[in-house]
Amino acid sequence: MKKLALVVVVLLLAWAVAAPYLTVYRMKVAADARDGEALSQHIDFPSVRQSFKDQLNARMLGEAKPGEQGSGLKALGASFAGVVVDRMVDAYVTPAAIGEMMRGAPADAPAPTRDESPSPPPDAEQAPLADARMGYRGLSRFVIEVEERQKGETAQFVLRRRGLGWQLTEILLP
């Protein structure tokens, strides 16, 4: 009986450690097959969209430094830009666009629409998450780092534990 309990504990621990790697594998397969529906099962879209909105709004507010001449106009422009950012992020953060980002495509590349498949880049096709570095950053946080091919900057895909599984919750831009 003790051996059975030990085997069960070891199997549960192995599954707990391997679970985010299995999720990443499923995401890679879905992105490679350009299967947006399968990929979207592993993505918490409201959380990813909010992450993008927060990052872009912070960058815009960072450009409007207090004390500069015309900073009032910059701040006003940044507040109006928040509305534009919200709509842009809602349109851009799709399974197809995230699949392209996982391939290391530049973040400023044109986003495919919801109805069209992303076209392969003009250079050689790269597998999703090729040469990615990944690992735990806490008990409920798993990070995948992908380097953009053209700029050499690193984007981070953050997975968090959701119940018994894992989901992509943030994409941290370079």
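Q: What does the accessible surface of the chain come to, and what share belongs to carbon and sulfur atoms?
A: About 10500 Å², with 61% of that belonging to carbon and sulfur atoms. Areas here come from the Shrake-Rupley method with a 1.4 Å probe, and for residues only the protein chains shown count as cover.

Q: Before I go on, what sort of model is this?
A: A predicted one: local features need pLDDT of at least 70, side-chain atom pairs count only at pLDDT 80 or more, and totals for chains, interfaces and linings use all residues. Residues are numbered from 1 along each chain as its sequence is written, and side-chain values use heavy atoms, with hydrogens and water left out.

Q: Which residues form a nonpolar patch on the surface?
A: Met1, Leu4, Val8 and Leu12, with about 470 Å² of accessible area together. A patch takes residues with over 30% relative accessible area and no salt bridge; nonpolar side chains (Val, Leu, Ile, Met, Phe, Trp, Tyr) are joined within 5 Å, like charges within 9 Å. Salt bridge there means a side-chain nitrogen of Lys or Arg within 4 Å of a carboxyl oxygen of Asp or Glu.

Q: Where does Leu4 lie, and is Leu4 buried or exposed?
A: Leu4 is in helix 1, residues 2-32. Its relative accessible area is 54%, so Leu4 is exposed. The cut-offs are under 20% for buried, over 50% for exposed and partly exposed in between (1.4 Å probe, protein chains only).

Q: OK, the fold. How many helices and strands?
A: There are 5 helices and 4 strands, in the order α-α-α-α-α-β-β-β-β from the N terminus. Both are DSSP runs numbered from the N terminus: helices are H or I with at least four residues, strands E with at least two.

Q: How do strand 2 and strand 3 pair?
A: Antiparallel, over 7 bridges, with strand 2 at residues 141-147 and strand 3 at 154-162. Pairing needs at least two DSSP bridges between the strands. Val143 has Val158 in strand 3 as its bridge partner.

Q: And strand 3 with strand 4?
A: Those run antiparallel too, joined by 7 bridges. Phe157 stands opposite Ile171 in strand 4. Their hairpin has 2 residues between the strands, and Gly163 takes a positive phi near 65° there.

Q: Switching to rings: how many aromatic pairs does a search of the whole structure find?
A: It finds 4. Rings of Phe, Tyr and Trp (its six-membered ring) pair with centres within 6.5 Å; planes under 30 degrees apart are stacked, over 60 edge-to-face, the rest tilted. One of them is Tyr136 with Phe142, edge-to-face at 5.3 Å centre to centre and 85° between the planes.

Q: Why is the pair of Tyr136 and Trp166 edge-to-face?
A: Because the planes sit at 75°, with the ring centres 5.9 Å apart. That pair links distant parts of the chain, Tyr136 in strand 1 (residues 133-136) and Trp166 in strand 4, 30 residues apart.

Q: Which residues form the aromatic cluster?
A: Tyr21, Tyr136, Phe142 and Trp166. Phe142 is buried at 0% relative accessible area, Trp166 is buried at 3%, and Tyr136 is partly exposed at 32%.

Q: Last one: what does Thr169 touch, skipping residues up to four places away in sequence?
A: Asp44, Ser47, Val48, Ser51, Val158, Arg160 and Arg162, where contact means heavy atoms within 4.5 Å. Thr169 is in strand 4, residues 165-172, and counts as buried at 1% relative accessibility.
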